[in-house]
Amino acid sequence: MADKPRLKLPKQAKKGEIIQIKTLVQHPMETGLRKDPDGKLIPRKIINKFSCTLNGKPVFSADLEPAIAANPYLEFTAKVDESGTFKFTWVDDDGTVTTTEESITVS
Amino acid sequence: MPRASILVAFLTAAGAAQMLAPVVSAQAPSQSSEPAPLATGDAAARPWKRYPGWPTRDTASFNTLADQKLSPPAPSAPRKLEGPVTGDPAIGAELVADRTRGGSCLACHVMGQAGNADLPGNVGPDLSEIGNAGLKDEELFNFVYDARVYHAETIMPPWGTNGLFSDAEIGHIVAFLKTLTKPAMFPTEVDDPSKRPPPVETRDNLDDLVNPGLWTVEKAQQLWTTRGPVGFSCASCHDRAEDHFKTWAASMPKWEPRLDKVLGVEEFVYRHAQVATGLSWLMQSSENTAMSVYLRFLADGQEIHVDVTSPGAKQAYERGKALAAAKVGQLNFSCLDCHNPERGGLHWIRGQWLGEQRGQYDHFPTWRTSQQDIWDIRKRFQWCNVAVWANELPPDAKEYGDLELYLAVANAGLKLNVPGIRH
């Protein structure tokens, strides 16, 4: 994952507001079912887990499966009661963990 | 003139007069009106090797955009056949839908229930009732073998002359054609090319959550300040890219008399960065593509207007126009055969829509969701060549430059919208 994941979420929100969060990460999501031109199976390599926390508390998480298309895009909502930092984590089959953070001010 | 402008004009004039001698300095020269220094030599990998995963067939004995004297000539007269054609209509029915030979007949013709009437094209006439047309076996045979003996201007591939189908196979096809006597029944409405709606691209290509092609812009912004072996980065001379390149890309490609060829953005990026920074961003490298996307992205919204007034540019445009009409590859197609609306343009070739020339330039480089990759116009040219079974040229080939200039003129006035997103 050479490129930084994309995030879209508001910088500010009112206490108790439900906000929308969009995430996109560049990844081939190789299923492990395809064959190369020589007939050999291309090994599986996918993002198998995604999670989002706010100040360490879980907001949303998902197990991703091979049928999910390349560059997985996830959109979800979160109810925010306090200012803090969202942390986003993507876990690759090969063990690579990509994280990124974004802060939000709740008034 | 406001005072500040006068001052700038004065300083520029004074500076020009005093700085004729070369100055050895750690300071990079500022962007000036002098022609940009450019590296000579090849701007892409040599020997050129086809991209991994592309078809590997070698079609070296057929015309390319660089050499149109390779393909076998059109026969001067129809072939005479001894007696009626013998063939098996069942084998013919399979051959007309055989996708291993350039999509075969169904790519362009509706043919009754052939191939289960699954997404036939409509570049050529509907042949569903050709069996009622009263054509002799010999005429049907020659239409398939090489239709140029009846219509010199036909866009139909010369299946026999160019060795795509053997005489025996054409016999089977003729036997099948004679069985076609009823209008096609399509399993669904979209299978009927006359009713299938043309694709419309509605995705917001400038939203980075929609178009992964935009990620190259971020990469280019990092490259902009990367110093090369010479000690300079792009930013050393062009400190704020967004100020310097608001319109530049919309005027490309451009005739370059020093190199005697047309330079597109990609080739310019290689040649200029090589001299100015020492970085070797060969065409089709990820750095080259990122920078080429970025430079066009900065000019997004500007109308495409290329200069074809100089004698060199005029000649290049005329060469490009001739190349657009040049028949290439084993399938013997020109650009215009597929993209001019009077021929195949705005028609279906099997399940794929053939666009016209206008609208095929303003969004390149474009993210291709089917390829999960961003393609510049030269890679698109290369793919078109390989798709008509012609050997592609290296991306910096002068023929592609001429063709790109011709295409840019066909797209004049359209606003740059880069990176695009397409299937």
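This is a predicted model: local features need pLDDT of at least 70, side-chain atom pairs count only at pLDDT 80 or more; totals for chains, interfaces and linings use all residues.
Residues are numbered from 1 along each chain as its sequence is written, and chains are lettered from A, with ligands numbered from 1, in the order in which they are written. Local features need pLDDT of at least 70, side-chain atom pairs count only at pLDDT 80 or more, and totals for chains, interfaces and linings use all residues.

**Exercise 1. Find where confidence is lowest and highest in chain A.**

Start with the scale: pLDDT is the predictor's confidence in each residue, from 0 to 100. Chain A averages 93. At least 70 is reached by 97% of its residues. Next, go to the elements. Strands (E, at least two residues) are DSSP runs, numbered from the N terminus. Strand β1 (residues 6-8) of chain A is lowest, with a mean of 92. Strand β4 (residues 47-54) of chain A is highest, at 97.

**Exercise 2. Work out the strand order of the open sheet in chain A.**

Two strands pair if DSSP finds at least two bridges between them. Three strands of chain A form the sheet, in the order β1-β3-β6. Their pairing is antiparallel. β1 and β6 (73-80) of chain A are the edge strands, as each pairs on one side only. From one strand to the next, the twist averages 20°. Now check one pair. β1(A) and β3 (residues 17-24) of chain A share three bridges. A:Lys8 has A:Lys22 in β3(A) as its bridge partner.

**Exercise 3. Trace the partners of strand β8 (residues 97-106) of chain A, then decide: buried or in the open?**

Take β7 (residues 84-92) of chain A: it pairs with β8(A) in the antiparallel sense over eight bridges. Then take β2 (residues 12-13) of chain A: it pairs with β8(A) in the parallel sense over two bridges. A:Ala13 stands opposite A:Val106 in β8(A).

Last, burial. A residue is buried if 20 or more other C-beta atoms (placed from the backbone) lie within 10 Å of its own, exposed if 12 or fewer, and partly exposed in between. Of the ten residues of β8(A), zero are buried, so the strand lies largely in the open.

**Exercise 4. Describe the side of chain A that touches chain B.**

Residues are in contact if their C-beta atoms, placed from the backbone, lie within 7 Å. Ten residues come from chain A and five from chain B. On the chain A side, β1 and β3 each supply at least two residues. By class, this side has four nonpolar, two polar and four charged residues. Ala, Val, Leu, Ile, Met, Phe, Trp, Tyr, Cys and Pro count as nonpolar, Asp, Glu, Lys and Arg as charged, and the others, Gly among them, as polar.

Technical notes:
Helices (H or I, at least four residues) and strands (E, at least two) are DSSP runs, numbered from the N terminus. Axes are lines fitted to C-alpha atoms, for helices over the stretch in contact, and angles run from 0 to 180 degrees between N-to-C directions. Two residues are in contact if their C-beta atoms, placed from the backbone, lie within 7 Å.
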